[in-house]
Number of protein chains: 2
Amino acid sequence: MTATERGGAHVPSVRETAEAWESLFRAQVAVMRRLQSDPAFRELGIKEYDVLFTLTQCPEGGLRLNELNDHVLLAQSSLSRLVERLERKGLVTRRSAPDDGRGTLIALTEAGWETQRRIGRAHVREIARLLGGALDGGELAELTQLTARLRDHVVEHHPL
Amino acid sequence: MTATERGGAHVPSVRETAEAWESLFRAQVAVMRRLQSDPAFRELGIKEYDVLFTLTQCPEGGLRLNELNDHVLLAQSSLSRLVERLERKGLVTRRSAPDDGRGTLIALTEAGWETQRRIGRAHVREIARLLGGALDGGELAELTQLTARLRDHVVEHHPL
DNA sequence: TCGAGATAGATGCAAATGCATGTATCCTGA
DNA sequence: TCAGGATACATGCATTTGCATCTATCTCGA
């Protein structure tokens, strides 16, 4: 068996790359389909939750709409309206960015933090329930590393 | 450094599991955002393409709607109408399943095969362009393995 | 300083989506 | 055999999404 045959440290072929993406994508679909049906997301859609979560992971002041948009699979206009809905529910505030009159700063309200924590706890439990037993700790760490590097590479080398 | 600290073959914590999912999901978002903007998907949306692709990967006769639905992140009704659109475009045919009067068999037309091949070629090139250089062959194979096992586990242990 | 182009976000509108439900068919146990 | 429930898919309808475009603001070079 050659290095190539066992998938050694060679430059991957187009086919190998496409297969890896396909596999990653299908795994995401399978997991996401199940996560979406979690009762935790009856109160708030998973995309709305994702925005709240992203806001918890960033400096206190909040995020610009375009920064938020990097984390979510939505068109700019769709995110704009999603945030508008969150504002109407009292979960986030929007204010004009102090240093750039065009920008909008989105920040969590107290209710937003509380809602994220509440849904987040159930969500994390559900993730563990679904994925538990699929991979051991080393494999899971490996997966985290590989996907993180994949993301970093794409963000770094292929701006939108 | 203990085995746990370096992520050895232990039973993963809830936190480690959630981190891995988060990382996988963000990588998927980053890659998908870029794939979606490929001009190859101006003619046909990526979800529509995905259905055509899935149909190429299965026995000649086609797939039932509910089987298709396992591969796609869409509600049953949305897929039903997506397939209806594909039929109107002449890319698939729908016929009643011979062994089950409730079912619908979806199959590619000749134009459907041709369209999938054409878009697929461009799509695979784009995948290689985006991911090329991110991971070497061994890492890519590892990623394929891990995500495939993740999917298999979820499909096996957590039916919808 | 000014004007052309770039950028951030909002909005009108058509298309796509999901939920709830409807219809037809299939299955199962009494 | 047949009634009750389950399953497969379709459909009405309100919501969400994306595209194209608009406005407001910023940036930069002449």
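This is a predicted model: local features need pLDDT of at least 70, side-chain atom pairs count only at pLDDT 80 or more; totals for chains, interfaces and linings use all residues.
Colleague: What makes a residue part of the surface near DNA strand C?

Modeller: Its C-beta atom, placed from the backbone, has to lie within 6 Å of the strand. 22 residues surround DNA strand C, with Asn66(A), Ser77(A), Ser77(B), Ser78(B) and Gly101(B) the closest. Two or more residues each come from α3 (65-69) and α4 (76-88) of chain A and from α4 (76-88) of chain B. α4(B) gives the most, 5 residues.

Colleague: And which residues are closest to DNA strand D?

Modeller: Ser77(A), Ser78(A), Gly101(A), Asn66(B) and Ser77(B), out of 22 that surround DNA strand D. There, α4(A) gives the most, with 5 residues.

Colleague: Why is α6 (residues 137-157) of chain A called a helix?

Modeller: A helix is a DSSP run of H or I with at least four residues (a strand is a run of E with at least two), numbered from the N terminus. α6(A) has 21 residues, so it qualifies. The expected span is 1.5 Å times one less than the number of residues. α6(A) reaches 30 Å from first C-alpha to last, close to the 30 Å expected.

Colleague: What makes Leu143(A) buried?

Modeller: Buried takes 20 or more other C-beta atoms within 10 Å of its own (exposed is 12 or fewer, partly exposed in between), with C-beta atoms placed from the backbone. Leu143(A) is among the buried residues of α6(A), as are Gly137(A) and Val154(A). The buried residues of α6(A) pack against α1 (14-36), α5 (110-131) and α6 (137-157) of chain B.

Colleague: How many residues of chain A are in contact with chain B?

Modeller: 57, touching 57 of chain B; contact means C-beta atoms, placed from the backbone, within 7 Å. α1(A) supplies the largest share of chain A's side, 19 residues.

Colleague: How do you know that β2 (residues 92-96) and β3 of chain B pair?

Modeller: Pairing needs at least two DSSP bridges. β2(B) and β3(B) have 5, so they pair, running antiparallel. Ser96(B) stands opposite Thr104(B) in β3(B). β1 (residues 63-64) of chain B also pairs with β3 (residues 104-108) of chain B, over 2 bridges.

Methods. Residues are numbered from 1 along each chain as its sequence is written. Chains are lettered from A and ligands numbered from 1 in the order in which they are written. Two residues are in contact if their C-beta atoms, placed from the backbone, lie within 7 Å.
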